[in-house]
Amino acid sequence: MLIGAHVGVSGGYPQSIDYAESVGCEAIQIFAKSPQQWRAKPTGPEVAAAFRERRAASSIAFVCTHTAYLINLGSEDDALWERSWRALADELARAAMLGANATVTHTGTNRSGSLEVGARRIAEGIRLAFQEAPEGVLLLENTAGAGTTFGTGPEELGAVLGMLDADWSERLGVCLDSCHAHAAGWDLSSADGWGAFTEGLETCCGRGRIQVVHANDSTFGLGARKDRHAWVGDGTIGRDGFAAMFAQHRLASAAAIVEVSGDVPEKDETNVTRLKELREASSARE
Ligand SMILES: [Zn+2]
Ligand SMILES: [Zn+2]
């Protein structure tokens, strides 16, 4: 697995690569626009070209973007739903300009009470966004299962993918967030939990679908349904849990990206180093 972190771009896109290399990243996640707002000025072609050029000359082997949090492809409100799929298309276009390998998104809510109805609404939103934005791989992220959020488990993500795969299977994949899965009840402090969750994803979503792991530890306990990320090894997944992640063959080609709060550069240096130590220990055992 490649290892990296979500890095800020407020100092400039090319500069985010300098920062990422300085803290030891091999892969990064960035926001292609402000995550808290619908509107943002367009990504400039010069800025995008400078980013692609800097990245090509760097040791960063994988770049993904993460969509804005406002996007809700499951919304029952038609205006919000349309705004969401149009925003998703815009995110995909920006990611393509930046030369990103993939874009991670949360799917949204499902108030219908029916997996089928919720999945269909979300799939239809993705279909429209894909028609508008002809390029880019989209990874659907699992959620912690709070409230009416959709996408807590493999069945839900697989239902959406299954509705789109006939036309776009090579543009679709999955992002596994370890904090969210643990909070939703899969015990990722253990090898058995990693085995069960990744097997479920493979069964429901297809093989080789997991391209990114958000390697976040969890502040709250197993099944708490609360989404608070902790530094690697400091939460209820713990060091042994992340050691088990590296032993999981289904994740061998995925990039592990940490998304935690704290001061830079310490948080990124520390978490990237911890993951690299665990990966090293895992390969030494093989
Ligand atoms: Zn995440
Ligand atoms: Zn989270």
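I began with Thr-65 and found that it stands opposite Thr-103 in β4. Strands here are DSSP runs of E, at least two residues long, and helices are runs of H or I, at least four, both numbered from the N terminus. This is a predicted model, where local features need pLDDT of at least 70, side-chain atom pairs count only at pLDDT 80 or more, and totals for chains, interfaces and linings use all residues. Residues are numbered from 1 along each chain as its sequence is written, with chains lettered from A and ligands numbered from 1 in the order in which they are written.

Next I looked at how β3 meets β4. Strand β3 (residues 62-66) runs parallel to β4, joined by 3 bridges; two strands pair if DSSP finds at least two bridges between them. I followed the chain from β3 through helix α3 (residues 78-98) to β4 and noted a right-handed β-α-β crossover. Right-handed means that, with the strands pointing away from the viewer, the path from the first strand over the helix to the second runs clockwise.

Then I checked the side chains of β4 (residues 102-105). Ala-102 and Val-104 point one way, Thr-103 and Thr-105 the other, and all are buried (20 or more other C-beta atoms within 10 Å of the residue's own, C-beta atoms being placed from the backbone). In a regular strand the side chains alternate between the two faces of the sheet.

On to β5: β4 pairs with it in the parallel sense over 3 bridges, and Thr-105 stands opposite Leu-140.

Last, I traced the whole barrel: 8 strands close in the order β1-β2-β3-β4-β5-β6-β7-β10, with parallel pairing.

Definitions and conventions. Buried ≥ 20, exposed ≤ 12 C-beta atoms within 10 Å, placed from the backbone.
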